[in-house]
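Subject: Structure for your review

Dear colleague,

Please find below the structure that I would like to hand over to you.

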Amino acid sequence: MNTTVIVANPSTDSFSKSIMEKVLNTLKEKEKSYEIIDLYNDDFNPIMSEEDVKLYVKGETKDELVKKYQKILKETNQLVCIFPIWWNSCPAILKGFFDRVLLKEFAFTEQDKRPVGLLTNITSALVITTSETDTDYMVKELGNPIEATFMKGTLNMAGIDNVKWINENLADNNEESKNKFLDNIANYV
């Protein structure tokens, strides 16, 4: 088993990429094996086609990249998701990843009209985000959309229960604050 790092940021010089490098260096220092899923670098297509929808209800796909991602997730015990918060959610490419990869009978099944997660091999997840919006504002005034939708509505429903979220507000932060955030990541990975 290993750690899978999913990155969803199109900018090659973004703070998300700095976070990814810190995560990977920490994993190397701890001698942990890992896989990287860089959705933009992989040129992943997040759009569900009509054929995808028909196959989805059967838990199937014809997309070889989706099959590759599913294989990686089945061999994962720790998941790290790195992305900027856009409109109080994840980027569309990451949402499309979950739409197209977390298929019925792969990531979940249904029992009594409720999802039952199947990715229980992933025993923990770390969600690392950046935002231009204050974290307290998102949590207290917006109802914590990352926890409600991303963590509970997606990861927990897929069977990933031990999920931690950390966010770096980039709006007013300087290099010192960013470096401190990067240094603290090692405590979570």
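The notes below concern the nonpolar cores and the cavities.

Please bear in mind that this is a predicted model.

I begin with the cores. In soluble globular proteins, nonpolar side chains tend to be buried together. Here, the largest nonpolar core contains 37 residues. Leu39, Phe83, Leu94, Phe97 and Phe150 have the most contacts inside this core. At least two core residues come from each of helices H3 (64–74), H4 (92–101) and H6 (145–155), and likewise from each of strands E3 (76–84), E6 (124–131) and E7 (163–169). The largest share, 5 residues, is supplied by H4. A second, separate core has 18 residues, among them Met20, Val23, Leu27 and Val80.

Leaving aside neighbours within four places in sequence, Phe83 is in contact with residues including Ala8, Pro91, Leu94, Val127, Ile146 and Phe150.

I turn now to the cavities. The structure has 2 cavities of 30 Å³ or more.

Which classes of residue line each of them? The lining of the largest cavity has 10 nonpolar residues, with no polar and no charged ones; among them are Ile6, Leu73, Phe97, Phe98 and Ile160. The second largest cavity is lined by Met48, Asp52, Glu60, Thr61, Arg100 and Leu103, which by class are 2 nonpolar, 1 polar and 3 charged residues.

Yours sincerely,
A colleague

Notes: Residues are numbered from 1 along each chain as its sequence is written. This is a predicted model: local features need pLDDT of at least 70, side-chain atom pairs count only at pLDDT 80 or more; totals for chains, interfaces and linings use all residues. Side-chain values use heavy atoms; hydrogens and water are left out. On a 1 Å grid over the protein atoms alone, a cavity is a set of points where a 1.4 Å probe fits but cannot get out, and a pocket is an open set with protein on both sides within 12 Å along at least five of seven lines; lining residues have an atom within 4 Å of a point. Grid points are joined across faces, edges and corners, and a volume is the space filled by probe spheres set on the points. Ala, Val, Leu, Ile, Met, Phe, Trp, Tyr, Cys and Pro count as nonpolar, Asp, Glu, Lys and Arg as charged, and the others, Gly among them, as polar. A nonpolar core is a set of buried Ala, Val, Leu, Ile, Met, Phe, Trp, Tyr and Cys residues joined through side-chain atoms within 4.5 Å. Buried means under 20% relative accessible area, exposed over 50%, partly exposed in between (1.4 Å probe, protein chains only). Helices (H or I, at least four residues) and strands (E, at least two) are DSSP runs, numbered from the N terminus. Contact means heavy atoms within 4.5 Å.
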